[in-house]
Amino acid sequence: MATREPPAQRRPEHHLRDARPIPRAARWADRRLGTAKILRKALDKIFPDHWSFMLGEIALYAFVVLLGTGVFLTFFFKASPDTVTYAGSYHPLDGVTMSKAYESAIRLSFDVRAGLVMRQAHHWAALVFLAAITAHLFRVWFTGAYRRPREINWIVGLTLMLLALANGFLGYSLLDDQLSGSGLRIVYAVVLSIPLVGTWLTSLVFGGEFPGPDLLERFYVLHILIVPAVLVVLLTAHMAILVYHKHTQYPGPGRRDDNVVGERLWPTYMAKAGAFLFLTAAVVFLLGGVAQINPIWIFGPFRPGGVSAATQPDWYMGWLDGALRIMPGWEFRAFGYEIPNPFFPAVLMPGVLFTALYAAPFIEARFTGDHAEHHLLDRPRDRPVRTAIGVAALAFYLVLFMAASSDVVSARLGLSVNTVFWIFRISIFAVPLVSAFIANRLCLELQRRDGTTPARRRRPRRDQPSGDEHGPAPAAAEPQTVAD
Amino acid sequence: VASVVASIALFVLYLRGGQPQAEGVLLAVVLGGIGVGIALWANRFMPHGPFEEPRGQIGSSDAEVEAFVEDFEAGGEEIARRGFLAKLFAGAVGFLGLAALLPIRSLGPRPGRGLKVTPYEGGGKRLVRDDGTPVKPADVGVDGVITVWPEGNVNVADAPTLLIHLRSGQNKPREGRQDWLVDDLVAYSKLCSHMGCPVGLYQAQLGLLLCPCHQSTFDVGDGCRPIFGPATRSLPQLPLALDGQGYLIATGDFSSPVSAGFWDSGKY
C-alpha cells in the first residue's frame, strides 16, 4: 500500500506500448472493465453437443435474420391507411386506389433494389423462426429439460413463443392486402367475442370499429419496436439463464448431474455456432430468392367486400383457424347477452393450452413428487406418460392444422365439406388419444428391448447419446477435465 | 473458403442487374460458403473434446441466505422507523400509477351503438354497385348475385350487402318480413355472422351461401339460416323497396347487428 508504483503495475504499462493494435485495445478494455478475467471464463465454457440442441439455435439465428431484413424493410415501408392511386412499375395495378401501406409494399417489391428478396426472406425467416421455436419446445418437453432448476427458463421460453406468434401476425397484417385484411377481420372478431370486455377491447386496440383508423400505425409500432424490444430482452434472459445453469446433457459415460461434458466455447463451439448462423441465413435467403411467398400483388389491396377462397393463414396460425372451422355452431346466450362461438376455439382453447404449458413443470413435480435438481436429460422412452402427453399434443395440433385446409381437402378428395368437417371433428378427439396410447406402448416396448425396467431414477446408459449424428459420439472417450 | 471469395465477386457483379432469384441464390451461396467453410474448419482443425466442467452449486448456502436476510432486515428497519414517510411514498407512487392508466381510455371511442348500426340506418338509401351506380331489379337475373352498398358508402367495412335474385317460390319469408323483397330479390349482409368474412360463394341450385373462411353455410330461402359450420346466427336481412325512379332502396337498417357476434349483440 505504501509503495506508490509496485512492480506489478509497471508491466501492464509495458504491454500498452505493444505496437500491435489488438493487444493494446484488449489491455485498454481490461483496465477499465476487467474483461480478461470474465472472458477467460467464457472462452473455457463447455457446451454439450447434440443435434437436438441446435433447434433453439436455429430460432436465434432466424431472429438475427429477421432483425436485419426487418430494418431494411422499415426504410421503405409506410404504415399509412391514407389512399393513393397506384402508378408504379407493376402495371396490372395501374390506377387502382389503395392504401399507402399496400402501395409502399408493392413498390418495395418491384422498384427497390433487392427489396423483394429482403421482403420474402423476412417472411421466410419468420416461418423458420416459429418452426424452430416449436421444435425446440417439443425437444425440451420430450427430454424433460424444464425440470428444476429450469422452470423459469421454460416460462421465459413460452413467453418468447407467444410474442413471436403475435409479432408474426402483426407483421402479416401490416401489408393491407386482401389476405391480411381478412385475417385481421377474423382476429377482430376473436377479440370481439371475449365476454363483457370484447367490445371495449376491440375499440381500444383498433381505435374504433373495424378496420379502425389508427390500426396500421399502432400495429407497426408494436411490430417493429415494442414486441422486438421485449423479445430481445427475454431472449437475453433466456440465454443468460442458460449460461448460468450450464446446458443440460444426455446421459452417457462420465456425464453426471454435477458436471457438463462437451466442447469448449472457444474456438470449436464458437466456430460451429457461427457456421450454423451463416447456414441458417443461407437457407432463409435462398428461400427468399427462389420460393415466392405472400405475393401481395396478386391478392390486391384490401376491400371489405372482397372474397378470398381457399386461402390459408401462415402455418403458425393454422391450428387456430382449424379450431375455428371445426367448432360446431354452438354459443351461449342468456339474459340477452351472449358468448359468441369464436370465443371457445380461439380464446378459451389456446388460453387453456398455454396455461397448461406454463404450469407443466409444476404439475409434473406435483405428480411425480420429484423436486430434485436435474441436469441430465430424460430419454423420451423412459418417461412413457410424459411422452404420450407430448405426442397427444402434437397430434391435436396437427389435426387442427390440417383442419385449417378443410376446403382444400374436400376439393382434392372429392368429399363434401360436411363430411370433411365431421372427420376432423371426430379426429380431434380420437387421433390424440390413439397416438398417445401407441406412444405409451412404444415407450414401454423400447424399454423392454433395452432390458431396463421403468425406473424413476435411471443410471447413465452406455448407448447414449442415441441420435448423435457427429460420427463417433464424443461420449466414446472418457472426458478430460478442463484445467482451470 | 475459395468458394466464398468467388461467390462474393459473383454477387457484386449480379447486383448491377438486380434480379430477385439470382440475388437470393447468390446470397445463399455467399452465406452458405462461409458457413460450410467455418464448419469444415471447426471439424478438421479445431480441438475436440469431450472436455468436462463441474456445474457448481446453483442455490446459496444456508449461511449466505442468513447473511442476506440479516442485511435486508437491517435496512428494512431503517425504512420501517419512518412509517409515515413510507406510506406517503407508497401512496404517491400508487396514485401516479392509477393516473397513468387513464390515457388508455383515449385509445378508442366507447363502443356504444357503433357495432349495431350501419350506414343504412334511417332508411331511404339507394343500393349502389362498387362503382357507385344504382341498381334496378331487372339488372340482376334469376340466380344472380351482386354486391351492393348504401349510396355514398362504397367500401365501408360494415356495409357490404348481397343482392340475390331467388327463383320464384324459393323464398319462404320470415314472419313480418313478407314485404322486404322486391320481385324475388332479397338483400342480406355479406358479412358472415361467424367472424365477418365476406360470404361470397352462392350455390344457386341449392340456394345456399357458403363462407370461404370457415365454411359456414346459410340457407338463403329460409332467411339465411345457418345450416352448417360454426356460424350460429342468420345473416341479417335488409328491407328492400323501390324509389320513384325504379331504383332499389333500403327502407331501414339490417334486421340485426352485422358481422361477428359480441357480448351484447342481442340487445339491439
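How many residue pairs are in polar contact between chain A and chain B? In this predicted model, the count is 27 residue pairs, with both partners at pLDDT 80 or more. On the chain A side, helix α11 (residues 265-290) gives the largest share of the residues that touch chain B, namely 14. Sorted by class, that side of chain A has 48 nonpolar, 26 polar and 23 charged residues.

The contact can also be described by its extent. Chain A puts 97 residues into it and chain B puts in 71 residues. The size of an interface is often stated as the accessible area lost when the parts come together. Here chain A and chain B bury about 7,100 Å² between them, and 64% of this area is on carbon and sulfur atoms. Within chain A, the residues that lose the most area to chain B are A:Arg185, A:Trp200 and A:Tyr337, which together make up 8% of what that side buries.

Side chains of opposite charge can pair when their charged atoms come close. Between chain A and chain B there are three salt bridges. A salt bridge joins the side chains of A:Glu338 and B:Arg233, with 3.8 Å from N to O.

Over all chains, the structure holds 29 salt bridges. One that lies within chain A pairs A:Asp450 with A:Arg379, their closest N and O atoms being 2.8 Å apart. A:Asp450 is in helix α17 (residues 417-450), while A:Arg379 is in the loop between α14 (343-368) and α15 (384-403), so this pair ties together parts of chain A that are 71 residues apart in sequence.

Next come the cavities. A search of the whole structure finds four of 30 Å³ or more.

Last, some details of the backbone. Most residues other than glycine have a negative phi, and most peptide bonds are trans. The bond from A:Phe210 to A:Pro211 is cis, with omega near 5 degrees, and A:Pro211 sits in the loop between α9 (198-206) and α10 (215-245) of chain A. The bond from A:Trp266 to A:Pro267 is also cis, with omega near 0 degrees; A:Pro267 belongs to helix α11 of chain A. A:Asp176 is not a glycine, yet has a positive phi of about 60 degrees. A:Asp176 is located in the loop between α7 (151-174) and α8 (178-192) of chain A.

How values were computed. Residues are numbered from 1 along each chain as its sequence is written. Chains are lettered from A and ligands numbered from 1 in the order in which they are written. This is a predicted model: local features need pLDDT of at least 70, side-chain atom pairs count only at pLDDT 80 or more; totals for chains, interfaces and linings use all residues. Side-chain values use heavy atoms; hydrogens and water are left out. On a 1 Å grid over the protein atoms alone, a cavity is a set of points where a 1.4 Å probe fits but cannot get out, and a pocket is an open set with protein on both sides within 12 Å along at least five of seven lines; lining residues have an atom within 4 Å of a point. Grid points are joined across faces, edges and corners, and a volume is the space filled by probe spheres set on the points. Contact means heavy atoms within 4.5 Å. Buried area is the accessible area (1.4 Å probe) that two parts lose on being put together, summed over both. A salt bridge is a side-chain nitrogen of Lys or Arg within 4 Å of a carboxyl oxygen of Asp or Glu. A polar contact is a pair of N or O atoms within 3.5 Å; within protein, one must be able to donate a hydrogen and the other to accept it, and residues adjacent in sequence count only if both atoms are side-chain atoms. Helices (H or I, at least four residues) and strands (E, at least two) are DSSP runs, numbered from the N terminus. Ala, Val, Leu, Ile, Met, Phe, Trp, Tyr, Cys and Pro count as nonpolar, Asp, Glu, Lys and Arg as charged, and the others, Gly among them, as polar.
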